Structures are given as C-alpha cells and as structure tokens.
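Below is a short briefing on selected features of one structure. It is grouped by topic.

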Amino acid sequence: MSLDKATVRTIANLARIEVRDEELDHLAGELSNILHFVEQLSEVNTDGVEPMTSVAALELPRRADVVSDGNCRERILANAPEADDGFFLVPKVVE
Amino acid sequence: MTALTRLTIAEARDGLARGDFTAMELTEAHNRAVEAARGLNAFITETPELAMEQAAASHERIRTGRAGALEGLPLAIKDLFCTEGVLTTAASHILDGFVPPYESTVTANLKKAGAVMVGKTNLDEFAMGSSNMTSHYGGVENPWRKRGDNRPLVPGGSSGGSAAAVAARLGLGATGTDTGGSIRQPAAFCGIVGLKPTYGRCSRWGIVAFASSLDQAGPMTRTVRDAAIMLGAMAGHDPKDSTSAPLPVPDFEKALSGDIRGLKVGIPREYRPEGLAEEIAAVWERGIAWLKDAGAEPVEISLPHTKYALPTYYIVAPAEASSNLARYDGVRYGLRVEGATLDDMYRKTRAAGFGAEVKRRVLIGTYVLSAGYYDAYYAKAQKLRTLIAGDFKTAFESVDVILTPTAPSAAFPLGEKMDDPITMYLNDVFTVPTSLAGLPGISVPAGLNGEGLPLGLQLIGRPFDEETLLRVADVMEKAAEFKALPAGVEA
C-alpha cells in the first residue's frame with residue numbers, strides 16, 4: 001500500500017504530531033517503503049493460526065484492590081512544565 | 001589506577017573482599033576513566049559524586065561483613081532506566097529535564113546488591129535504532145577502529161553507550177535493554193558479552209517503554225561469568241510488572257560448569273542467506289567447531305519462518321510504540337511547546353520533541369492499528385509471531401541451544417546506512433526472531449574480522465534456561481580466547 005499525502009496528514013493528526021506540508025511528500029515515500037517491506041507477510045497462509053497476544057505463557061496475576069501507593073502529589077507535580085495549586089495546567093479547553 | 005578498570009566483575013568482587021583495594025579506589029578509577037573518554041559520547045549524564053557516595057557506603061558494608069553480590073562495583077546504566085533523583089532522558093528531547101521520583105526495579109535490585117552507578121549511558125532515542133545515531137544527544141563512537149583507518153565507527157544500538165562504556169573500560173559492566181537486538185548487536189560491535197534474558201526474567205517496571213511485549217533488560221559485560229553474576233542481581237519476580245515471571249532466580253554463576261558434552265547445538269539453515277558475508281560465515285563455522293571440540297553435537301535445524309521475522313517486528317514494535325509514546329504530551333513532564341489549543345500544544349510538543357525515526361515508527365504504528373488496517377497488518381503480524389515462536393518450539397524438541405551469528409556485519413562508520421530506514425533495520429535480522437519468541441539470547445565475542453573489528457556469535461536458549469545458555473557461552477568464550485583490546489585501552 002502506498003500512502004498519499006492526505007493519508008499521511010490523517011495519520012499524523014491521529015498521532016498528534018504536527019507535520020509541515022513540505023515534509024509530507026518525503027514522509028509519504030518513507031512510510032510507503034516500510035509498508036511495502038512489511039507487506040511480504042501477505043504471502044504466508046495464516047488460516048487457522050492463533051494470533052499471539054502474549055509471549056509469556058503466564059496467567060495474568062490479580063492483586064487485592066487496595067491502595068498501596070500515593071500521597072506524593074508534590075513529587076509528581078515537580079516534573080510538570082506548568083502546575084498550580086496541586087494541578088497540571090494546560091491551555092483552556094472549554095470557553 | 002588504570003589497572004583497576006581492567007578487572008572483570010568477578011575479579012573486582014574478589015579483590016574487594018580480600019582488601020586488595022577499596023571500593024572508593026575502584027570507583028575513583030572509573031570516574032577518571034569516564035572523564036577521560038568523553039570524546040566517545042558514551043554518557044548522557046555522569047554521576048561521579050553519587051558514585052563516590054555509594055562507594056563509601058559499600059566500603060562500610062564490606063568492612064562490616066554485609067557485602068551484597070555486586071558490592072562496590074561501578075556500573076553504567078542505560079538512560080532508559082528511571083533513576084530516582086537522576087535525570088532520565090531516553091535520549092529524547094521530549095523528556096527534557098525529567099527527573100524520576102522513583103527507581104526502576106532493575107536498578108533498585110542492582111543498588112540493593114551494592115552496585116555503584118557511574119552514569120547514565122547514551123542510546124538511540126527511545127531505544128529505536130541499531131547505531132545510536134538517533135539519539136538527541138548525538139551519536140556514540142565505538143572505541144574500536146579499523147586497522148589503519150581512524151574514521152569513527154558506530155557502537156551499534158540501541159544500547160550503544162552501554163556497549164562502548166564497557167568496551168572502553170568505563171564501567172565493569174552496564175545495563176542494556178533489548179527489544180529486537182539492542183543488547184546483542186551493540187555487544188557484538190564492541191567486542192563484549194551481551195545477554196538478553198527470557199521475556200519476564202527481569203522486571204520492566206520503571207524502564208521507559210518502547211514495545212512492551214518485547215522489551216527486556218539484561219547485562220552487558222566483558223565476560224560470560226560477569227553476565228551471569230550481574231543477571232543474578234538484576235532478575236527476579238516483581239509484582240509491579242504483571243509479565244514478570246514468578247520464578248526463583250537460579251545461581252547463574254554456578255551453571256558455568258565448563259561441561260557441555262552431549263549437548264545438541266542447533267544450526268539453523270535459514271541464517272545462512274544468500275549474500276551472507278564470508279567473514280560472518282567463517283566465524284560461525286569456527287564457533288561450530290569449538291562447541292564440537294568441547295563434546296557438543298551440532299545438528300542442522302530449520303526455522304522456516306525466519307525471513308518473516310523482520311517485517312513482523314516492524315509491525316508489532318511500532319504498533320506498541322505508538323501507544324506507549326502517546327503519554328508524551330507536554331502535560332506532566334518533559335518538553336512543552338505552547339499552542340493555541342490543547343490539541344495544538346500536543347501536536348507542536350510531539351513534533352519538536354520526537355526525532356525522525358521515532359516519528360516514523362509512531363506514524364507506522366498508528367497506521368497499522370487504525371480502523372480498516374488492523375487485521376491486514378497488526379493481526380497478521382501477531383499470527384506470524386505465533387508461527388515464528390512455533391519454529392523455535394519445534395527446534396528445541398531436538399536441540400538444547402541454537403548457534404547463529406549475532407549481526408550480519410561488523411561495526412560500520414558513523415553516519416552510514418542512514419539514508420534508508422530498511423537498510424538500518426536489516427542489522428537486526430539475526431536477533432529479532434529470538435525477541436519475537438521471547439527467548440533468551442547471548443552474544444559472545446568470537447574474534448576479529450580482516451579489518452581488526454570484533455564479531456559476535458549468538459546463542460539462543462529455551463525459555464528460562466539461561467543456565468544452559470550461559471554454560472555453553474562460557475565454553476565458547478574460553479575456546480575463542482578473545483583477548484584483543486579496542487583503541488585507547490592499554491594492553
């Protein structure tokens with residue numbers, strides 16, 4: 001599958017990465033090459049093959065539903081680009 | 001004090017126990033070596049003062065008979081492991097200034113064992129690469145040079161800084177992480193030992209995530225014995241990682257019996273593709289002969305889906321990366337580029353914060369997971385993964401370990417193979433299948449090529465049978481008698 005510029009723009013939007021118009025051509029070419037490379041999988045007959053969802057033959061463990069951590073708001077907020085009054089600050093979402 | 005940086009982990013441990021030198025002297029020697037080798041760009045952050053504090057505490061524990069398994073031993077830590085109070089970057093601009101308020105389980109285990117951290121090593125951005133060239137902090141130079149050619153070479157990747165640091169004697173060992181070959185390939189390029197354990201052997205908690213179903217931490221060292229010692233300290237069940245295996249950690253060092261008589265060593269015919277470099281084929285033949293001389297029996301095997309491993313990987317890994325990297329949004333940590341709206345801020349932050357290779361993978365991952373394409377790409381790749389793992393399962397019914405080359409070439413010059421992403425991806429052709437199957441693999445230095453550069457051989461083992469893997473690797477290491485030293489390391 002070759003990707004056109006419009007598709008690349010859509011994917012970039014889904015991934016929330018700003019892409020300048022002049023980058024689209026180059027990116028479409030690179031991504032198309034990667035897709036061509038991975039598309040050789042289509043020559044393998046996988047009828048009846050179970051998709052692997054976990055490489056570890058382990059049962060997912062359960063834990064008790066209790067609080068085991070927390071009370072460290074200041075330490076977490078310490079890395080925030082912008083924080084105030086115990087909250088992360090972001091541009092206004094609701095007018 | 002140069003000599004102290006030349007010791008193995010086992011020798012330094014025993015020397016400290018005997019009182020031949022102190023933990024402070026050992027750390028001081030490494031701190032000085034790190035400073036002297038800054039030209040390699042192996043470290044993103046050096047932590048000499050922290051190292052001296054840790055060494056003093058180790059000294060006290062040794063003096064009072066409370067030494068841990070790695071007490072007082074200076075190690076380098078890949079800058080993908082979160083370290084409490086120490087900048088952690090994943091070699092990405094988007095994690096600018098991130099100082100984790102917590103410690104990864106693996107580095108916490110190392111600390112508990114008494115290890116000293118000399119610094120955080122450079123890597124490909126988010127561990128995505130095979131040359132260390134995608135780092136926001138610049139490429140790393142391999143301490144090795146071609147004979148008669150002083151052009152700098154790549155150390156491999158993504159654990160390139162760790163591999164260069166261990167080869168240049170800046171740490172007795174280093175941590176690496178391996179998603180598709182990121183421990184084994186740089187180990188081969190730098191002439192050291194690199195072990196990717198079985199998926200689940202080491203906790204992933206606190207390691208910056210790339211592809212969660214593949215990521216695994218492991219040791220990078222100068223000897224197989226050192227890898228065994230270090231793995232013992234890194235590994236263990238961790239309730240904070242639901243894929244961490246609830247299994248006891250064996251005494252890996254004890255597994256090095258030197259006796260591999262009667263073991264069956266699988267030689268997969270699919271790892272001999274047309275166009276395999278002659279020097280790689282030759283070192284592989286030597287490896288087969290060494291193991292045969294030691295009493296093992298080489299057996300030709302087939303892993304029929306090998307050629308589909310790389311395309312499978314380049315669907316699965318980007319898909320997981322695109323969802324793991326969704327967390328970098330400029331809100332909670334790292335870089336923020338202001339925008340008019342929240343979405344605009346996300347888009348600008350991620351455009352400025354991610355490098356070209358990371359963007360490519362996030363976009364590919366987003367595409368293969370998007371509505372209408374999921375079955376054709378992602379679901380198909382998961383089925384291929386089942387077939388690839390099945391190949392190994394069948395093979396291990398008749399053999400105990402598998403021997404292959406680690407990489408299709410020796411280290412290449414800085415800046416080469418950068419034009420086409422797929423050329424770079426081919427570096428991992430021999431290591432990716434093992435990763436997809438979750439199996440343990442180890443690269444052992446096997447000799448030098450015609451240009452004086454190290455080549456590695458890879459051994460692959462059954463799940464959670466690192467003991468057999470290490471036992472065979474130890475025998476192969478002894479037979480290889482790899483004594484060559486990189487440029488700048490005095491004989």
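**Helix packing in chain B**

The crossing of α3(B) and α4(B) is right-handed (a crossing is right-handed if the near helix is turned clockwise from the far one by less than a right angle, and left-handed if anticlockwise). This is a predicted model, in which local features need pLDDT of at least 70 and side-chain atom pairs count only at pLDDT 80 or more, while totals for chains, interfaces and linings use all residues. Residues are numbered from 1 along each chain as its sequence is written, chains are lettered from A and ligands numbered from 1 in the order in which they are written, and side-chain values use heavy atoms, with hydrogens and water left out.

- Helix α3 of chain B covers residues 23–36 and helix α4 of chain B covers residues 48–63; their axes come within 8 Å and cross at roughly 160°.
- Axes here are lines fitted to C-alpha atoms, for helices over the stretch in contact, and angles run from 0 to 180 degrees between N-to-C directions.
- α3(B) and α4(B) are therefore roughly antiparallel to each other (angles over 145 degrees count as roughly antiparallel, under 35 as roughly parallel, 65 to 115 as roughly perpendicular and the rest as oblique).
- Helices (H or I, at least four residues) and strands (E, at least two) are DSSP runs, numbered from the N terminus.

**Salt bridges**

- Over all chains, a search of the whole structure finds 37 salt bridges (a side-chain nitrogen of Lys or Arg within 4 Å of a carboxyl oxygen of Asp or Glu).
- In helix α4 of chain B, B:Arg63 and B:Glu60 are 3 residues apart and so separated by about one helical turn; their side chains meet in a salt bridge at 2.6 Å, N to O.
- B:Arg63 is exposed at 57% relative accessible area, whereas B:Glu60 is partly exposed at 33% (buried means under 20% relative accessible area, exposed over 50%, and partly exposed in between, with a 1.4 Å probe and protein chains only).
- B:Arg269 and B:Glu300 form a salt bridge through their side chains, at 2.9 Å from N to O.
- This pair links distant parts of the chain, 31 residues apart: B:Arg269 is in the loop between β7 (264–268) and α9 (278–293) of chain B, and B:Glu300 is in strand β8 (residues 297–301) of chain B.
- B:Arg269 is partly exposed, at 45% relative accessible area, and B:Glu300 is exposed, at 57%.
- In chain A, A:Glu22 pairs with A:Arg20 in a salt bridge whose closest N and O atoms are 3.1 Å apart; A:Glu22 is exposed, with a relative accessible area of 59%.
- A network of salt bridges links A:Glu30, B:Glu357, B:Arg360 and B:Arg361.

**Nonpolar surface patch in chain A**

- A:Val90, A:Val93 and A:Val94 form a nonpolar patch on the surface, together with about 280 Å² of accessible area.
- Patches are made of residues with over 30% relative accessible area and no salt bridge; like charges are joined within 9 Å, and nonpolar side chains (Val, Leu, Ile, Met, Phe, Trp, Tyr) within 5 Å.
- Accessible areas come from the Shrake-Rupley method with a 1.4 Å probe, and for residues only the protein chains shown count as cover.
- A:Val94 lies in the segment after β2 (87–88) of chain A and is exposed, at 66% relative accessibility.

**Buried loop residues in chain B**

- B:Ser104 is in the loop between β2 (74–78) and α5 (105–112) of chain B and is buried, with a relative accessible area of 0%.
- From C-alpha to C-alpha, B:Ser104 and B:Thr64 are 28 Å apart in space, and they are 40 residues apart in sequence.
- B:Asp465, in the loop between β11 (454–460) and α16 (466–480) of chain B, counts as buried at 17% relative accessibility.
- B:Asp465 and B:Pro197 are 268 residues apart along the chain, and their C-alpha atoms are separated by 9.1 Å.
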